[in-house]
Amino acid sequence: MTRTLTCIICPRGCTLQAEINGDSVSVSGNACKRGEEYGRSECLHPVRTVTAVIRVENRPDCALSVKTAQPIAKEHIFDLMAVLRGMTVKAPVAIGEVICDNIYGTQVIATGSVE
Ligand code: SF4
């Protein structure tokens, strides 16, 4: 089976052709090694870094931006978003602070600060 993918690793957006034979994936169309790795991963075990905002319980006028420290499996994204939607933090929060530890194999960290 052949899949056509757009590499999302950098803004160049190369069009990749991935030839899938069981657990073996052969990638072409990539301008660099990272595209080959992306194409293989996307066919066998797609992952994404998740970004979101969560409520700040003592600052209803603002929200805290967060992201996963590592990409997580695509099939867990909606479950993670549901968890984050139900979460609140209390200000102050500093950029880089761990908001949630060990969820779907990663941490969720603050990408902004709230005083
Ligand atoms: S293959 Fe390389 S150059 Fe092309 S979009 Fe992916 S990362 Fe960028």
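The C-alpha centres of domain 1 and domain 2 lie 29 Å apart. Domain 1 covers residues 2-45 and domain 2 covers 51-110, with bounds taken from an automatic or database domain assignment. The model is a predicted one: local features need pLDDT of at least 70, side-chain atom pairs count only at pLDDT 80 or more, and totals for chains, interfaces and linings use all residues. Residue numbers start from 1 along each chain as its sequence is written.

Three strands make up an open sheet, ordered β1-β2-β3 with antiparallel pairing; strands (E, at least two residues) and helices (H or I, at least four) are DSSP runs numbered from the N terminus, and two strands pair if DSSP finds at least two bridges between them. The edges belong to β1 (2-6) and β3 (24-28), each with a single partner strand, so one side of each has no neighbour in the sheet. From one strand to the next, the twist averages 25 degrees. β2 and β3 run antiparallel and are joined by five bridges. Helix α1 (residues 33-44) lies across β1, β2 and β3, and runs at about 140 degrees to β3; such angles run from 0 to 180 degrees between N-to-C directions, with axes fitted to C-alpha atoms, for helices over the stretch in contact.

Q17 sits in strand β2 (residues 15-21), and its bridge partner in β3 is S28. Leaving aside residues up to four places away in sequence, Q17 touches T2, T4, S28 and G29; contact here means C-beta atoms, placed from the backbone, within 7 Å. Q17 counts as partly exposed because 14 other C-beta atoms lie within 10 Å, the cut-offs being 20 or more for buried, 12 or fewer for exposed, and partly exposed in between. M81 is 64 residues from Q17 in sequence and 31 Å away in space, C-alpha to C-alpha.

Then there is the ligand. Around it are C7, I9, C10, R12, G13, C14, N30, A31, C32, R34 and G35, each with its C-beta atom, placed from the backbone, within 6 Å of it.

A second open sheet has five strands in the order β8-β5-β6-β10-β9, with mixed pairing. Its edge strands, β8 (88-89) and β9 (98-103), each pair on one side only. Three bridges link β9 to β10 (residues 106-110) in the antiparallel sense, and V108 in β10 is the bridge partner of C100. Helix α2 (residues 77-85) packs on this sheet, touching β5 (51-56), β6 (63-68) and β9, with its direction at about 20 degrees to that of β5.

Conventions:
Two residues are in contact if their C-beta atoms, placed from the backbone, lie within 7 Å.
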